[in-house]
Amino acid sequence: MEEPELVPLRSTSLTPGLKPIPPRENRFPPPKRRYSVTADILSYRRCKRQYGFFSRRGYVSAQSGQLFFGTVIHQTLDKAHAHFRGEIEGTHPGSIPTENDINGYFEKAAGALEAQGVHRMSNESRDKALAYVQEFNRSFGPEVYPRIIDTEHRLQKDKGTYILHGIVDVVAAPEGASGWDGYEIWDYKGAKRPKRTDDGDRDMKNYEFQMRVYAHLYELRNGVRPKRAILWFLGERRREHQQHAVDLSDTSITTAVGAFEETVEAIESSIRSDDWSSISVANAPSIETCNACDLRWNCSAREGKYDLKSRVL
Ligand code: SF4
């Protein structure tokens, strides 16, 4: 049979008198970058080099046990709060989770993190994380749970060229408070209070900075500043050491807002030059952070401290 002649679907030559259609201009602005208060701003301020390698270049840390530790604590506490509100099947509003309940929530949270590929922590760390939550539930649960207004309170602000966002662990009402201006914001830290050393002071300043940025975002979202901002160190046994109230004066908030804007500019500049190379000794984070960092074997800020040793077989 004779093959039919193939006709092009569209003619590629222009009809005389018609001009070619100019390519359409892309009128959409580039998407705005999103910056998380903790995962970006705080991480960069803690160590620019570590942030660049793991958050920007996408290397996977072999030691994500710290991430596991903090996340499993937060997720278990979140379940404890939901239990008290009666939001979990089989629970009643107002009931305090038992030790077994907490064990169950902890195991589920740990299992989910492992399934997501987050490196599991050592058994010792696992026991420690569970002990922190059990202790909090036992000692503070009955007093604290009824005061909780919201958990995982999401805050976000479009800053023009970028979007800043963060999540406050808890919004709580002290006795008699009935509105956003009377509430407190809390952030749980799965750690002891930083020591009074240069390293410890730097860590505490960063935590305080985080809470002031949250207070600023809270004010933008709710129209008023929170009454107090509390850092809650679950690793402390004594009640008076567990809670640390952060100064929320106008001056301290203005300084924090200025500092985070500078930090965003510094991050943008580092991204443009893709420069995460060196960090000075003066800018190194606490020694605990470096001890858990995969880059410590080759870091100018800790030169000589982590020498690789050859092994004779
Ligand atoms: S060893 Fe310390 S200073 Fe060096 S990249 Fe890691 S955290 Fe940063």
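Trainee: What radius of gyration does the protein chain have, next to a compact globule of 313 residues?

Mentor: Keep in mind that this is a predicted model. The C-alpha atoms fill a box of roughly 90 × 60 × 55 Å along the principal axes. A compact globule of 313 residues would come out near 20 Å, but the protein chain has a radius of gyration of 26 Å.

Trainee: Thanks! What share of the residues of the protein chain count as buried?

Mentor: Let's start with the contacts: among those between residues at least 6 apart in sequence, 66% join residues at least 24 apart. The chain has 10 helices and six strands. Of its 313 residues, the share that count as buried is 26%.

Trainee: Which strand is largely enclosed by the rest of the structure?

Mentor: Look at residues 184-189, and count how many of the six are buried. Five of them are, so the strand they form is largely enclosed by the rest of the structure. That strand is S4.

Trainee: Which helix belongs to the β-α-β unit with S4 and S5?

Mentor: The two strands of the unit run parallel. The unit they make with the helix is right-handed. The helix spans residues 198-222, and its name is H7.

Trainee: How many bridges pair S5 with strand S6?

Mentor: S6 covers residues 243-246, and it pairs with S5 in the antiparallel sense. One of the facing pairs puts Trp232 opposite Gln243 in S6. The number of bridges between S5 and S6 is four.

Trainee: Which elements do the buried residues of helix H1 pack against?

Mentor: H1 spans residues 37-46, and its buried residues are Val37, Asp40, Ile41, Ser43, Tyr44 and Arg45. As a reminder, an α-helix has 3.6 residues a turn, so residues three or four places apart point the same way. The buried residues of H1 pack against strand S1 (33-36), H2, S3, H7 and helix H9 (250-273).

Trainee: And which helices do the buried residues of H2 pack against?

Mentor: In H2 the buried residues are Lys48, Arg49, Gln50, Tyr51 and Gly52. H2 is followed by Gly58, with a positive phi near 85 degrees. As for the packing, the buried residues of H2 lie against H1 and H9.

Trainee: Which residues come nearest to the ligand?

Mentor: The shell has nine nonpolar, two polar and three charged residues. Helix H2 (48-56) and helix H10 (287-291) each supply at least two residues of it. Of the 14 residues around the ligand, those that come nearest are Cys47, Cys290, Cys293, Arg296 and Cys299.

Trainee: Is Arg237 buried or exposed?

Mentor: Arg237 lies in the loop between S5 and helix H8 (239-242). Its C-alpha atom is 9.1 Å from that of Tyr132, a residue 105 places away in sequence. With 10 other C-beta atoms within 10 Å, Arg237 is exposed.

Trainee: Why does Thr71 count as partly exposed?

Mentor: Thr71 is found in helix H3 (residues 65-84). The cut-off for a buried residue is 20 or more other C-beta atoms within 10 Å. Thr71 counts as partly exposed because its C-beta neighbours inside 10 Å number 19.

Trainee: What is the phi of Glu152?

Mentor: Glu152 has its place in strand S2 (residues 148-158). It is partly exposed, with 13 other C-beta atoms within 10 Å. Its phi is positive in a residue other than glycine, near 50 degrees.

Trainee: Where is Asp274, and what is its phi?

Mentor: Asp274 is found in the loop between H9 and H10. With 10 C-beta neighbours inside 10 Å, Asp274 counts as exposed. Although Asp274 is not a glycine, its phi is positive, at about 45 degrees.

How values were computed
Residues are numbered from 1 along each chain as its sequence is written. This is a predicted model: local features need pLDDT of at least 70, side-chain atom pairs count only at pLDDT 80 or more; totals for chains, interfaces and linings use all residues. The radius of gyration is taken over C-alpha atoms; the globule rule is 2.2 Å times the number of residues to the power 0.38. A residue is buried if 20 or more other C-beta atoms lie within 10 Å of its own, exposed if 12 or fewer, and partly exposed in between; C-beta atoms are placed from the backbone. Two residues are in contact if their C-beta atoms, placed from the backbone, lie within 7 Å. A residue is near a molecule or strand if its C-beta atom, placed from the backbone, lies within 6 Å of it. Ala, Val, Leu, Ile, Met, Phe, Trp, Tyr, Cys and Pro count as nonpolar, Asp, Glu, Lys and Arg as charged, and the others, Gly among them, as polar. Two strands pair if DSSP finds at least two bridges between them. A crossover is right-handed if, with the strands pointing away from the viewer, the path from the first strand over the helix to the second runs clockwise.
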